[in-house]
Amino acid sequence: MRVLGIIVEYNPFHNGHLYHLTLAKELVKPDYVVAVMSGNFCQRGEPAIIDKFARTEIALLNGVDLVLELPFVYAVQDAGGFARGAVWSLHNTNVVTDIVFGSESADLSFLQKIAEVMVKQPDPFPTLMREELKKGHSFPNARKYALMRYFDLTKEMDPKQVLRIEKSNDILGVEYIRSLMILGSQIKPHVIKRVGAEDRDERFQGKFSSATAIRKCISNGDWEKVAKALPVNSLRVVSRELNEGRGPVLLQHMETLILSKLRLMDRAQLQRLHGFDEGLDKRFIDCASKATSLEDFFACVKSRRFTLSKIRRLCLYALFDVTSDFVEKSNTFGPQYLRVLGFSAKGRELLSKMKRVSRVPIISLCSLYRKVLDQSMKKPERFQIHPELFEQQLLYDIRATSIYSLLLPKQSERIGDKDFKVPPIMIT
């Protein structure tokens with residue numbers, strides 16, 4: 001049995017995603033397809049334009065068999081944390097055999113070589129990394145320069161080749177491979193050449209436009225362009241969600257939530273949270289006190305060292321009280337469960353197989369999570385989970401959904417605890 005695993009956000013599902021999914025299936029020829037998908041908040045520190053249940057429905061309509069939620073604690077980390085949680089989730093299914101991801105370089109051996117250096121940390125790479133960070137570079141740039149210097153010294157590769165991992169999908173690809181190496185996973189990685197506009201390109205580029213450009217068109221109500229960039233069933237679901245007042249949800253809708261939370265906090269409170277080092281606690285407090293909009297706040301905090309994506313993620317950590325201790329434990333012990341967001345008829349078959357072999361418990365109905373946890377604790381020979389961390393991770397997922405609901409345009413849709421009220425999406 002071959003099971004294809006993919007890691008996605010589908011924010012929203014567009015023609016580039018359909019292209020990737022189609023080619024991945026042709027490459028692996030799987031019996032089933034499993035997607036690990038971000039929930040209601042995404043890796044660049046912003047809310048998804050429509051919620052996780054609607055995005056799950058679109059994924060299933062386009063050929064995914066089973067959708068699992070990437071826990072919030074991983075979905076809103078940097079590339080390394082995001083990849084770690086997602087790959088670990090696929091590994092924990094104990095049925096996924098292959099993973100396929102998009103890549104600008106489409107050079108698997110190159111990405112594996114970079115990942116190997118990052119995992120093994122051969123001399124003098126750690127020293128070079130520290131030196132580049134001291135120069136004031138952001139972490140991604142410091143790593144890039146350290147890798148260039150390392151390969152210049154070792155002659156293992158032309159240092160200029162490192163510049164090929166400046167693009168977001170190659171960066172994630174290296175992190176996926178790195179995570180597989182650390183886990184000792186038997187999942188086989190494959191790459192597909194990424195097509196179309198770059199992820200952050202805000203310009204509409206027709207059929208293969210970026211998710212960023214498509215979200216901009218949706219927020220502007222430019223449906224003629226949106227219709228060119230989304231598959232028909234994706235367009236239908238996105239249109240339905242907006243017509244029924246469940247979108248679009250945009251970062252600017254969080255302006256009051258974020259700024260008010262920051263103005264209520266002091267430096268000591270921020271210092272407990274993940275990522276608030278190098279004086280960022282003071283910088284956040286000072287900027288929140290004088291900023292009158294999120295745009296003002298981001299401009300105040302941003303610097304060469306602190307990217308906009310990092311700042312947005314830190315805003316979410318402040319809003320949700322994401323502590324350093326919680327993130328460190330999550331990154332050490334991994335996802336404590338597999339949360340089912342939806343499945344097809346084929347996905348139901350796979351889910352039945354997974355329940356017999358998965359490395360962590362499976363939550364199909366959130367309302368039954370305590371029962372799932374209790375039953376899992378009776379099987380220590382199979383499940384090596386940490387009950388407190390299990391509940392912590394799930395609680396953050398539930399809170400994220402409840403806060404997300406407050407951002408919906410239609411007031412009657414803003415109820416809390418939707419995770420307990422919405423069952424898995426089923427497509428027959």
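This report covers the cores, helix packing and backbone features of a predicted model.

## Nonpolar cores

The largest nonpolar core has 104 residues. Ile 114, Phe 284 and Phe 297 are the residues with the most contacts inside this core. Helix H16 (residues 308-320) supplies the largest share of the core, 8 residues. Apart from this core lies another, of 36 residues, which includes Ala 35, Leu 60, Cys 217 and Ile 218. As a general point, nonpolar side chains tend to be buried together in soluble globular proteins.

Leaving out residues up to four places away in sequence, Phe 284 touches Leu 262, Leu 270, Phe 276, Phe 297, Val 301, Ile 311, Leu 314 and Cys 315.

## Helix H6 and its surroundings

Helix H6 spans residues 125-134, and its buried residues are Phe 125, Pro 126, Leu 128, Met 129 and Glu 132. These residues lie on the same side of H6, because they cover an arc of only 160° around the axis. They pack against helix H5 (108-120) and helix H7 (139-154).

Pro 124 lies in the loop between H5 and H6, and a cis peptide bond joins Asp 123 to Pro 124, with omega of about 5°. Just after H6, Gly 136 has a positive phi of about 95°.

## Two helix pairs

Helix H4 (residues 79-93) packs against helix H8 (residues 168-183) at an angle of about 50°, and their axes are 8 Å apart. H4 and H8 are therefore oblique to each other, and their crossing is right-handed. Among the H4 residues that meet H8 are Phe 82, Arg 84, Trp 88 and His 91. The H8 side of this contact includes Leu 172, Glu 175, Tyr 176 and Leu 183.

Helix H12 (residues 255-263) packs against H16 at an angle of about 65°, with the axes 9 Å apart. H12 and H16 are therefore roughly perpendicular to each other, and H12 passes H16 in a left-handed crossing. The contact is made by Leu 257, Ile 258, Lys 261 and Leu 262 of H12 with Cys 315, Ala 318 and Leu 319 of H16. Of these residues, Leu 262 and Cys 315 are also among those that Phe 284 touches.

Leu 66 is found in strand S3 (residues 66-70) and is buried, with a relative accessible area of 0%. Beyond its neighbours within four places in sequence, Leu 66 is in contact with Val 33, Val 34, Ala 35, Leu 60, Val 340, Gly 342, Phe 343, Leu 350, Leu 351 and Met 354. Leu 66 and Ile 425 are 359 residues apart in sequence, and their C-alpha atoms are 9.8 Å apart in space.

Glu 241 is in helix H11 (residues 232-243). Its relative accessibility is 3%, so Glu 241 counts as buried. Residues up to four places away in sequence aside, Glu 241 touches Ile 50, Ala 54, Arg 246 and Gly 247.

The loop between strand S1 (3-8) and helix H1 (15-28) contains Pro 12, which is joined to Asn 11 by a cis peptide bond with omega of about -5°. Tyr 10 is found in the loop between S1 and H1 and has a positive phi of about 50° although it is not a glycine. With 2% relative accessibility, Tyr 10 counts as buried.

Lys 29, in the loop between H1 and strand S2 (32-38), is not a glycine but has a positive phi of about 55°. At 63% relative accessibility, Lys 29 counts as exposed.

Terms used
Residues are numbered from 1 along each chain as its sequence is written. This is a predicted model: local features need pLDDT of at least 70, side-chain atom pairs count only at pLDDT 80 or more; totals for chains, interfaces and linings use all residues. Side-chain values use heavy atoms; hydrogens and water are left out. Buried means under 20% relative accessible area, exposed over 50%, partly exposed in between (1.4 Å probe, protein chains only). Helices (H or I, at least four residues) and strands (E, at least two) are DSSP runs, numbered from the N terminus. The arc is that of the directions from the helix axis to the C-beta atoms. Contact means heavy atoms within 4.5 Å. A nonpolar core is a set of buried Ala, Val, Leu, Ile, Met, Phe, Trp, Tyr and Cys residues joined through side-chain atoms within 4.5 Å. Axes are lines fitted to C-alpha atoms, for helices over the stretch in contact, and angles run from 0 to 180 degrees between N-to-C directions. Angles under 35 degrees count as roughly parallel, over 145 as roughly antiparallel, 65 to 115 as roughly perpendicular and the rest as oblique. A crossing is left-handed if the near helix is turned anticlockwise from the far one by less than a right angle, and right-handed if clockwise.
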